[in-house]
Amino acid sequence: MRAAVLGSPVAHSLSPVLHSAAYAALGLRDWSYGLFECDEKGLAPFLEGLDPADWAGLSLTMPLKRRAMELAVEVTDLATAVGGANTLVRRGSGWAAHNTDVEGIATALTEAGVAAPGSTVVLGAGATAASALAALRELGSAGPVTVLARDTLRTCEVTAAAERLGRPVEVAPLAEIDRHLDADLVVSTLPSGAADAHAERLAASRADLFDVIYAPWPTTAAEAVAARGGRVVGGFPMLLHQAVAQVRLMTGVEDVPVAAMRAAGEAELERRSAQAGV
């Protein structure tokens with residue numbers, strides 16, 4: 001059986017390492033996991049070219065998470081609510097769209113002891129921000145959530161997701177971050193390095209930090225929060241646990257080898273860091 005990760009750009013993806021480690025640990029010698037560069041226009045023809053007998057599932061990165069929902073014959077309630085799917089699983093003659101990012105975030109936070117924060121600030125308003133809102137709901141957090149965006153005019157999708165999730169949010173400009181850091185948890189979904197500009201502010205706050213960046217790690221923001229004793233969660237645990245959920249969906253195996261996947265992912269990140277001279 002075959003599976004793969006699709007996206008653009010996708011060359012940096014850790015998914016082949018994580019999934020291949022799971023297959024090896026499970027003894028699935030006839031399973032393989034590939035990587036394909038694919039944009040929104042290319043997703044439909046790519047799916048049409050796959051032999052249903054050979055393919056178990058696909059992992060999807062940006063910019064395919066919404067397009068995947070349009071092409072699926074079945075979409076889970078969670079993916080619909082969040083507004084994006086990062087997983088396609090073969091179902092008969094078509095594909096079922098799932099969102100495992102939510103499980104990845106929720107499990108990563110729980111694993112670090114950050115559960116059901118009373119109040120949360122989310123930096124950024126993209127697809128990951130919407131998944132973070134769903135993860136907070138899964139954790140039972142009922143406190144207020146503020147989304148800080150560089151451009152508040154581009155927050156329609158995340159606010160719509162918040163309404164569907166029953167978790168309405170307040171929206172404010174990221175430039176006003178100083179006014180909103182009296183929170184239990186800050187979730188940064190910003191691009192690499194973007195949250196570092198606010199490291200001193202985060203260090204002066206009382207909030208724990210979940211930063212979705214996994215390389216290079218730790219980020220300056222993560223180091224600042226950890227230095228004053230705050231709990232810090234990085235992007236790798238999220239990536240790991242969303243992949244664990246994908247392996248479960250694609251293989252049908254419930255007891256997924258998390259330890260083997262974690263070890264393989266950490267080793268690959270260490271290799272990349274050494275290669276980059278970091």
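1. Arg248 and Glu103 form a salt bridge, with their closest N and O atoms 3.3 Å apart. A salt bridge here means a side-chain nitrogen of Lys or Arg within 4 Å of a carboxyl oxygen of Asp or Glu. The pair links distant parts of the chain: Arg248 sits in helix 10 (residues 235–251) and Glu103 in helix 5, 145 residues apart. Helices (H or I, at least four residues) and strands (E, at least two) are DSSP runs, numbered from the N terminus.

2. This is a predicted model, where local features need pLDDT of at least 70, side-chain atom pairs count only at pLDDT 80 or more, and totals for chains, interfaces and linings use all residues. Residues are numbered from 1 along each chain as its sequence is written, and side-chain values use heavy atoms, with hydrogens and water left out.

3. How accessible are Arg248 and Glu103? Arg248 is partly exposed, at 25% relative accessible area. Glu103 is also partly exposed, at 32%. Buried means under 20% relative accessible area, exposed over 50%, and partly exposed in between (1.4 Å probe, protein chains only). Glu254 joins Glu103 and Arg248 in a network of salt bridges.

4. The salt-bridge count comes to 14.

5. Arg67 is partly exposed, at 24% relative accessible area. Glu70 is exposed, at 58%.

6. Which residues touch the most other members of the largest nonpolar core? They are Ile105, Leu109, Val122, Leu133, Val158, Leu185 and Phe210, in a core of 32 residues. A nonpolar core is a set of buried Ala, Val, Leu, Ile, Met, Phe, Trp, Tyr and Cys residues joined through side-chain atoms within 4.5 Å. Elements giving two or more residues include helix 4 (77–82), helix 5, strand 8 (145–149) and strand 10 (185–188). Helix 6 gives the largest share, 7 residues.

7. Leu109 touches Val114, Leu139, Leu185, Phe210 and Val233, not counting residues up to four places away in sequence. Contact means heavy atoms within 4.5 Å. Another core lies apart from the largest one. That core has 19 residues, among them Leu43, Leu50, Leu64 and Leu88.
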